[in-house]
Amino acid sequence: MRLRPSRLLAALARSVRRAALRAVITGLIFVACLLATLSYLGLPLPDAHDLLERFESVSQLSRALS
């Protein structure tokens, strides 16, 4: 059976989107489990504001160095 190129491209796009969605979901589950484990062990967890400030400072540093 011979498929048209447009169908092949659509199938490829679907599989890429499906793989990306699986990767995002897997990453979220991994982060949730990691945070739960760290919290269970009693380690201090940074709040979202601290993490955002660190990310902004890293991006500012990369802009300054480029």
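Modeller: Arg14, Arg17, Arg18 and Arg22 form a positive surface patch. This is a predicted model, in which local features need pLDDT of at least 70, side-chain atom pairs count only at pLDDT 80 or more, and totals for chains, interfaces and linings use all residues. Residues are numbered from 1 along each chain as its sequence is written, and side-chain values use heavy atoms, with hydrogens and water left out.

Biologist: Why is Arg14 called partly exposed?

Modeller: Buried means under 20% relative accessible area and exposed over 50%, with partly exposed in between (1.4 Å probe, protein chains only). Arg14 is at 45%, so Arg14 is partly exposed.

Biologist: Which residues form the negative surface patch?

Modeller: Asp47, Asp50, Glu53 and Glu56 form that patch. Glu56 lies in helix H2, residues 48–65, and is partly exposed at 39%. The mean positions of the 9 positive and 4 negative charges of the protein are 35 Å apart, each charge being placed at NZ of Lys, CZ of Arg, CG of Asp or CD of Glu.

Biologist: How do you know that the protein is more spread out than a compact globule?

Modeller: The protein has two helices and zero strands. Its radius of gyration is 20 Å, well over the 11 Å that the globule rule gives for 66 residues, so the protein is more spread out than a compact globule. The radius is taken over C-alpha atoms, and the rule is 2.2 Å times the number of residues to the power 0.38. Of the 66 residues, 0% count as buried.

Biologist: What makes up the nonpolar patch on the surface?

Modeller: Phe30, Val31, Leu34, Leu35 and Leu45 form it, with about 450 Å² of accessible area together. Leu35 is found in helix H1 and counts as partly exposed at 42%. Leu45 lies in the loop between H1 and H2 and is partly exposed at 40%. Leu45 and Leu35 are ten residues apart along the chain, with their C-alpha atoms separated by 7.8 Å.

Technical notes
Patch = residues over 30% accessible without salt bridge, like charges linked within 9 Å, V, L, I, M, F, W, Y side chains within 5 Å. Areas by Shrake-Rupley, 256 points an atom, 1.4 Å probe, with all protein chains shown as cover. Salt bridge = Lys/Arg side-chain N within 4 Å of Asp/Glu carboxyl O. Lys, Arg positive; Asp, Glu negative; His and termini not counted. Helix = DSSP H or I, 4+ residues; strand = E, 2+ residues; numbered from the N terminus.
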